Amino acid sequence: MIEFTEPAANPDRRRVLYVSSLVSYGTTTFRFEAMRRLGQDVTPFEIGTYVPRQRHLRALRSRFPFGPLVSRINLDLVRMVRSARPDVVWFDKPTPFTPETMEAIRSAGARIIFYVQDGPFGPRNDGCWRQFYRVYRMADLHCLVREADVVRYREWGLPFIKTMFSFDPVMHYPPPEGWADGDRNREVSYIGHPHEERPAFLRTLTKQHGLSLSINGNLWERIFGTEQLPNCRIGGHLDGRHYREAIWRSKVNLSFVTQANEDDIAHKAVETAACGQFLLALRTPGHEALLEEDQEAVFFSSVEECAEKARFYLDRPDLREAIGRRARERAVRSGYDNDTQLARILNRLNGKE
């Protein structure tokens with residue numbers, strides 16, 4: 001079972017240069033704000049302003065982050081490091097940065113942290129990691145969220161800390177007092193991307209098992225747009241309070257993992273637990289360690305088992321309420337929130353957690 005030790009105190013105050021794209025309601029922005037709450041003197045370096053506007057240039061830069069395509073962002077980052085003199089440069093998914101930039105950061109006396117939620121060494125082969133492969137051995141600390149990477153980095157002798165997909169305590173919390181099952185107008189709900197087997201899986205749930213589905217996320221309307229799916233509502237992307245409230249309004253929240261990314265747990269699973277709602281997730285070793293089965297979450301290994309358990313719990317709101325409440329308690333007690341996880345990471349720079 002995953003049980004992190006909550007830090008006794010906030011980490012030492014440092015000047016942190018936070019290198020990322022800080023989009024509204026994105027996990028990078030949540031982590032940036034968590035650093036502020038932890039008392040860090042954190043300054044953003046916004047990489048989104050360097051993304052080309054032309055679609056073909058964006059695609060080219062993603063696949064081949066070299067030379068003129070990334071020269072300006074590297075030069076500007078080095079200038080900012082030399083002027084701001086940070087203690088730590090935190091990189092969220094550092095795909096466009098060169099070895100020369102890393103050397104310049106080291107020469108300025110700053111320590112380098114790589115936080116990567118995606119899987120650069122897994123079978124997905126996204127194509128955006130070519131520059132990363134030149135610099136990943138230059139970080140002072142790697143933050144790893146999947147067990148497959150823990151095995152790799154340990155074998156390579158690289159400094160790392162095992163962290164996790166974590167929830168934001170300001171955004172992900174239970175519904176207000178008095179919330180009841182009558183407020184839930186989504187029966188079986190999935191919010192997320194149509195990766196891998198998910199379209200076929202959800203199609204089977206509604207067509208063969210007759211379950212009422214609510215689906216939200218990018219591309220679903222395109223995938224299911226011409227199909228006649230019974231008892232199925234399809235909507236677009238949800239973020240911020242709309243995402244949280246959709247979790248609240250769902251009787252059964254489904255969660256999968258992206259196997260091509262070697263994921264152990266789903267971010268959605270952690271956020272659903274933090275919202276105190278009922279979770280029905282793919283059975284994986286990561287999910288089984290995250291939440292106790294049948295007490296804090298319910299797991300499935302096949303579409304048939306998923307349908308059977310969804311139907312069982314749809315008729316038992318009292319059990320769903322109890323499981324969701326215990327999931328919230330576990331998420332808070334075990335420190336699955338951004339503040340606890342970032343404090344662990346920053347404290348590791350002092351050789352502790």
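User: Why is Asn-74 called buried?

Analyst: Asn-74 has a relative accessible area of 6%. Buried means under 20%, exposed over 50%, and partly exposed in between, with a 1.4 Å probe and protein chains only, so Asn-74 counts as buried. The model is predicted, so local features need pLDDT of at least 70 and side-chain atom pairs count only at pLDDT 80 or more, while totals for chains, interfaces and linings use all residues. Residues are numbered from 1 along each chain as its sequence is written, and side-chain values use heavy atoms, with hydrogens and water left out.

User: What surrounds Asn-74, and which backbone oxygen does its side chain reach?

Analyst: Asn-74 belongs to helix H3, residues 68–84 (helices are DSSP runs of H or I with at least four residues, strands are runs of E with at least two, and both are numbered from the N terminus). Apart from neighbours within four places in sequence, Asn-74 is in contact (heavy atoms within 4.5 Å) with Pro-96, Phe-97, Thr-98 and Thr-101. Its side chain reaches the backbone oxygen of Val-70 at 2.7 Å.

User: How do you know whether Asp-149 is buried or exposed?

Analyst: The relative accessibility of Asp-149 is 4%, so this residue counts as buried. Asp-149 lies in helix H6, residues 147–156, and touches Pro-120, Phe-121 and Leu-144 when residues up to four places away in sequence are not counted.

User: What makes the pair of Trp-220 and Phe-224 tilted?

Analyst: The whole structure holds 26 aromatic pairs. In this one, the ring centres are 5.4 Å apart and the planes stand at 45°, so the pair is tilted. Rings of Phe, Tyr and Trp (its six-membered ring) pair if their centres lie within 6.5 Å; planes under 30 degrees apart count as stacked, over 60 as edge-to-face and the rest as tilted. Both residues lie in helix H8, residues 220–224, four residues apart, about one turn of the helix. Trp-220 is buried at 0% relative accessible area, and Phe-224 is buried at 3%.

User: Why is the pair of Phe-312 and Tyr-313 called edge-to-face?

Analyst: Their planes meet at 85°, with ring centres 4.9 Å apart, so the pair is edge-to-face. Phe-312 has a relative accessible area of 38% and is therefore partly exposed, whereas Tyr-313, at 10%, counts as buried.

User: How many disulfides does a search of the whole structure find, and why is Cys-232 in no such bond?

Analyst: The search finds zero disulfides. For Cys-128, the nearest cysteine sulfur is that of Cys-143, 18 Å away. The sulfur of Cys-232 is 14 Å from the closest cysteine sulfur, in Cys-306, which is too far for a bond, because a disulfide requires cysteine sulfur atoms within 2.5 Å. Cys-128 is buried at 10% relative accessible area, and Cys-232 is buried at 18%.

User: Which residues have the most contacts inside the largest nonpolar core?

Analyst: They are Trp-90, Ile-113, Leu-202, Leu-205, Leu-254 and Leu-280, in a core of 66 residues. Helix H12, residues 303–314, gives the most to this core, with six residues. A second, separate core of 32 residues includes Ile-47, Val-116, Phe-121 and Leu-144.

User: What makes such a group a nonpolar core?

Analyst: The term covers a set of buried Ala, Val, Leu, Ile, Met, Phe, Trp, Tyr and Cys residues joined through side-chain atoms within 4.5 Å. Beyond four places in sequence, the contacts of Trp-90 include Val-16, Met-35, Ile-113, Cys-143 and Leu-342.

Methods
Polar contact = N/O pair within 3.5 Å; in protein donor to acceptor, adjacent residues only side chain to side chain.
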